[in-house]
Amino acid sequence: MDFGFGINRSSTIDLTKTDNGLFRRVCSEEPGARTCMACGSCSATCMASDLSGMSIRKVLLAMQRGQDIRHMLSKCMLCGKCTMVCPRGINTRRLVLTICRLYD
Amino acid sequence: MIDRIASGFNPFVIPFLAGMAFVLGYCLISMIRIVLQLSHADRKKFLISLVTPGVIWRNCRDIFCDCLLHVKLWKRNRLLGYMHSSIALGWFILIVLGHIEVLLFVPGRINLFYYPIFFNFFVAENESTVQGKVLFFLMDFFLLVVLSGIFLAMLKRLRSRLFGMRRTTRHSLTNQVGLYALWAIFPLRLLAESFTAHISGGSFLTVPANWVFRQFLGNDLNMLPTWWAYSIALCVFMVVLPFSRYMHIPAEMMLIPMRNAGIRITSARRGLARLEVLSCPNCGICIDACPMSADRANLKDCTVYLTRQIRRGNEKRIDEISDKCLLCGKCQELCQVGVEGPKLRVAQRASRKYPISPDFSDIDVKGSGISAEKHEVAYYSGCMTRLTPSISRSVESLLRKAGVDYTWIDRDGGLCCGRPMLIAGRTEEAREMAARNMELIISSGAGTLLVSCPICYRMFTEEYTLPGIRVVHYAEFFDELIRQKRLTVEKSDVCYVYHDPCELGRGCGMYDGPRRLLSHAAFLAEADRTRGESVCCGGSLGSISLDFEHRKSITMSSLENLYSSRADAIATACPLCRSTLARYSDRPVRDIAEVIDNQTKES
Amino acid sequence: MIYEGKKKIWSDYQKEIPDDHWYYVRSCIRQNFFPASERMFTEITRGVLGRDIYETPHHTTCGGIAYHCDTIPQETAMTIVARQFALMTEAGYENYAPSCITSFGNYAEILETWREYPELEAKIREDLWKACRREFKKPKCLAHSSDLIYHWRDEIAAKARFRLVDRETGDALRIVEHIGCHYAKMFPSKGVGGAEYPYVLAGMIESWGGQVVDYPERRHCCGYGFRQYHVKANRGYCVGNTVKKFESMEPYHPDAIITNCPGCPYFLDRWQYVMAEQTGRTYGSDGFGIPVLTYEELAGLVLGYDPWDLGLQLHQVAVEPLLDKMGIKYDPQAKYLGVDRENLMRPQLPEHLKCF
Amino acid sequence: MKENVVIIGGGIAGMEAAGQLLSLGYNPIIVEQQDHLGGHVAQWHRLFPDMIPAQELVQKLGESIAEANVFLETRVNFVNRLSDGWNVMLSNGINIVCRAILVASGFTLFDASRKEEYGYGVYDHVITNADLEAWLNGSADRRVPFRPESMGFVHCVGSRDMKAGNTQCSKVCCTTAIKQAIEMKERFPDSNVYCFYMDLRLFGKKYEDFYINAQKQWGVQFIRGRVSEVSETMEGRLQVKAEDTLSGRPVKVQLDLLVLMSGMVCNEHSSRMAGMMGLDIDSDGFIRSRDNEYHIVESNRPGVFYAGTCTGTKTVPETVCEARSAALAIHNYLKGR
């Protein structure tokens, strides 16, 4: 029956049911990924962010929350500026390659 | 000189013959496989080159100079050069002389393969001739030359610093077996020929030795065992050869023609790559060359260990070594054989499959910095320069002072040049970026593309096709402006040492341009290791896996080298080198553009 | 769950509820939704419990719906409320019991506002006087009508013919209690048991033999949300909230839901039909829904009233499974017969939600 | 005859001050209402950032005051102002006349059950930081599951919370939460540990290292959002809801143990003491130092000094330093300097 309205889907992220396997696999190869404190320097300096909304900080968070990161990650140009500015010294360039490799 | 043994055969030659048959068969098969691994076009190119007279001449010359004379090693260190040429050339001449002896004295035996090698065993000296005396003298002389080389080789294992090497390769088991077999061959030959010298004759080395031996070993029964031993040593060496570093002897002889044919590495393991791997003599010069050696943890990550792991098929280590390298190119610069370590690594990186591929199709770069009107010069600063705005500001200031009509095409951001992507092994993606950038650069309508980042510069010159556009690094461009008197630079009394960025120096061969430009504004000092041997700053994008904290020791050793010049300040021409060096330097680090701009008057 | 911990909180949130003489005000909408509920309240309190409950037909809306829909300013609502109080004062009562939760919240909010800003109260008194020449005293006690049933729950239990117990197995029925948002979320101290673990309905369930189901989304709104529902485009959001609630309570297999608010039982009941039609999902056993009752209806059931006299045939979700469990006799043929045994006509049955 | 100094409170501040006063030649008298010295620290398991056992510190302080007079399970009943000093009447009937009093009455942990939405005292598996320390110290607690799969730490419980009547930051909870998260990970390496925080305030020496370790080595997951409500699921697990402010989405997760990081609030005895001696109360509810910049151990009354958390939230090293400083201030005061 058409009521003229549907049922809104919940936007809650249910961590209990979230699959963050990709994040865990990535961290086992790149433990630095865990040390992100979401300062946003990487996104601020990112050449692709400006043009496409790519943000390695958001990618890290999205992986932990079980969200898809393919689109954002496909915009990375590997230029390495984020690696230069990261205050926690995370090797973001390798991180990107690792995520790209382990993504399924 | 007559045949001593009617049949012209003794069982002791069998080990030698077996070893020889094995090594020849093995090498032939592997060389054919390598040729088959080449792409169709490359194979054609290679085979044609083999019958092209000019190339034949080059091949012969290169093989003689590189494989026998080891000319490059002589340039590096005379002792090292002598050691290698004495063994290689000496041995080669011994073989040639052996053949001449057979031809001269027992021409009927020339079809017997082993005769030139064991000549002294099979002949008896029935009369003394001048020819015989000269030949025997030469034989003994070159044997002595080779023996001196072997002695130096032994010494090198104990005192490598005498040969200009701090570190040497840790050899694998097969390498050690090969090494000891090689060391054994010539003393055994001396022994065998000495025992036989009263029958076959000899010269200044073998005859006295024969006299000495006969004093207490006066039995001809001792003769045969030493010839057996000599033959077995040869056999062991030849059987081990394909599995040890000595494979480089046949491989290099093939590598030279293939490189002269203009073939490039396309795959990580096959074709030319395979040949380069086999050509690595494991000499270990790349260990000292590698800037990562500043940290002991990286000692096993230089090219010599890469080729070894590739031969062993240890995929985990191959990946580790490939990812760690800074791609500074110094190992290749110093390698005697010309193993292209960086290219092997990039090819290895490119062999990986990634489920996520970059896609830049929906990124719009148009209108970022491109203005409607055309300008003479388009300035492309690149990504990294954004983190060192002092460089782009100085470049702009100089352009303004010289009155150049320019536009900054990536002022408001743009696509990366693609080189970081390329050297991460993602070739196709890098091409896509390059294509988009070429479109952007061409649409700017400028006749000159001015670049301040060596990474971009190398990418533009090597991978981009920009018809009618001159790609120029500012080092050359500003030098021209100064010569044309469009810029007036006043020389300061500050003494700078110039740090060669890897991409600009070894990468593009640009060593003099930056120095020339810098000398307009300052005094120049040189570091201990400079130009082709300069030490990477450690910030290179080439390395994928080196972490921030593990790069520090590399930067420190690069700085130590620069400090050796006792200059007041450091100048470089790369934004990445500039920020990396400045992080730990105890003296100012400037980009040349900044130095020039400081010393240039407003016109 | 540590029951003692809850009890400690309940003991912190108890309020004085006078035992008799209440001025009762009906809700604007309840009589349309569940017509027997308010009738049952007066029936039980006066007839069964013998209390003095006074009603006047002159009362109006309290202005709460309009206030929460942002259509009238609070001062207007205050003046309306002042008139309601004037009616109470004129009738000689001091204890005020609204039947509507939003009204209760509205009164509580206004009384608190007046306490903080006496000058505003003075102004409203003046406005009321100007408007209709009335004066009022503020009620000595404000309680929601469910507070009264809670207060007399044990008396009702003593007179009950049925208990909230499965007749066959003897197990206590699992009952979800759903409290209207405006009951205690605004002023936790005004509700019995506070805002986090309200006790008002839980006390009735316990007293009448049932077992309270405490499920993760117990605090969540029923999905009405006033202005959200009133704009049709937003209804997907409303029902989305209801889905969340049902998904959370379903694993506990509740036998019924009881509520103390006008909107909640309506939406919890009717949305079950909407959800079933849109997703095919039902939350009761065997394709049935979970019956939703008002606390008056539940009180009526335990006291032995005929289910059809309680208006249970007007619920979307079939109540028969609950009645069967409690062992309450009913005549299935009489379900759609009205007060004068006039045939109300059997409604068209929904596709996915099982009904009779 | 050595001069008396009454120290109200036998926590680490009182103990350290007593030790210093002893060596300065005074007769410190500690009045402690509990049956042991060391206060809260004595109940703690290990101390950040070097993870030394708290008991070690308390023991060390205890040795330094072996010669001091200590009255355990004793309260101050009344304090009278004399012409040049104070008369302190204790609940055990002893009267002490002294010229200087040190108030070191400490703090009280915020009563977590006041945050009803977190269900402390209602749900089976909700405990406080202090409960966890006691459990880590070996006392049995049925609320801590045998093998928790996932755990959560709620930062700022009763701190930075107007609704709880406490707007100030309790300063130590962030680091304590990280410390406890690591300790739990040590015991249950396979568990998921979440920290729900508003801001991470890791200002002290090596605290940031603690944070990096928790992330890198232990994989503690930090969620920037304050827990809004807790419910119990059918299986008896806890469902926790918060906003993941970084991704801007609501987040929920089922946990087997929830640890509430109760903050520090002013001790009611401090307030009582302040009432008896006419001491000022600061706007944060703690006793007010003469000023908060320089005269931090001095009060508005002659001869009354402060040390430790009676004047505000402090870490262990801050408390100890303040106690030393207070001992010196008392010494100078009594010497008439």
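# Exercises: strands and contacts in a predicted model

In strand S17 of chain D, Val251(D) is the bridge partner of Ile13(A). Strands here are DSSP runs of E, at least two residues long, and helices are runs of H or I, at least four long, numbered from the N terminus.

This is a predicted model: local features need pLDDT of at least 70, side-chain atom pairs count only at pLDDT 80 or more, and totals for chains, interfaces and linings use all residues. Residues are numbered from 1 along each chain as its sequence is written, while chains are lettered from A and ligands numbered from 1 in the order in which they are written.

## Exercise 1

Task: Trace the pairing around S17(D).

Solution: 
- Step 1. Start with chain A. Strand S1 (residues 13-14) of chain A runs parallel to S17 (residues 249-255) of chain D, joined by 2 bridges. Two strands pair if DSSP finds at least two bridges between them.
- Step 2. Move to chain D. Strand S16 (residues 238-244) of chain D pairs with S17(D) in the antiparallel sense, over 7 bridges. In S17(D), Leu255(D) is the bridge partner of Leu238(D).
- Step 3. Look at the turn. S16(D) and S17(D) form a hairpin with 4 residues between them. Gly248(D), in the turn, has a positive phi of about 65°.

## Exercise 2

Solution: 
- Step 1. Residues are in contact if their C-beta atoms, placed from the backbone, lie within 7 Å.
- Step 2. Check confidence. The mean pLDDT of chain A is 88. pLDDT is the predictor's confidence in each residue, from 0 to 100. In chain A, helix H3 (residues 47-52) is lowest, at a mean of 78, and helix H1 (residues 21-29) is highest, at 93.

## Exercise 3

Solution: 
- Step 1. Draw the sheet. It is open, has 4 strands in the order S6-S5-S7-S8 (chain C), and pairs in parallel. S6 (211-213) and S8 (292-294) of chain C are the edge strands, each pairing on one side only.
- Step 2. Locate the residue. S5 (residues 174-178) of chain C and S6(C) run parallel, joined by 3 bridges.
- Step 3. List contacts. Not counting residues up to four places away in sequence, Gln211(C) touches Ala172(C), Leu173(C), Arg174(C) and Ile175(C).
- Step 4. Is Gln211(C) buried, exposed or in between? Gln211(C) is partly exposed because 17 other C-beta atoms lie within 10 Å. Buried needs 20 or more such atoms within 10 Å, exposed 12 or fewer, and partly exposed is in between, with C-beta atoms placed from the backbone.

How values were computed. Contact = placed C-beta atoms within 7 Å.
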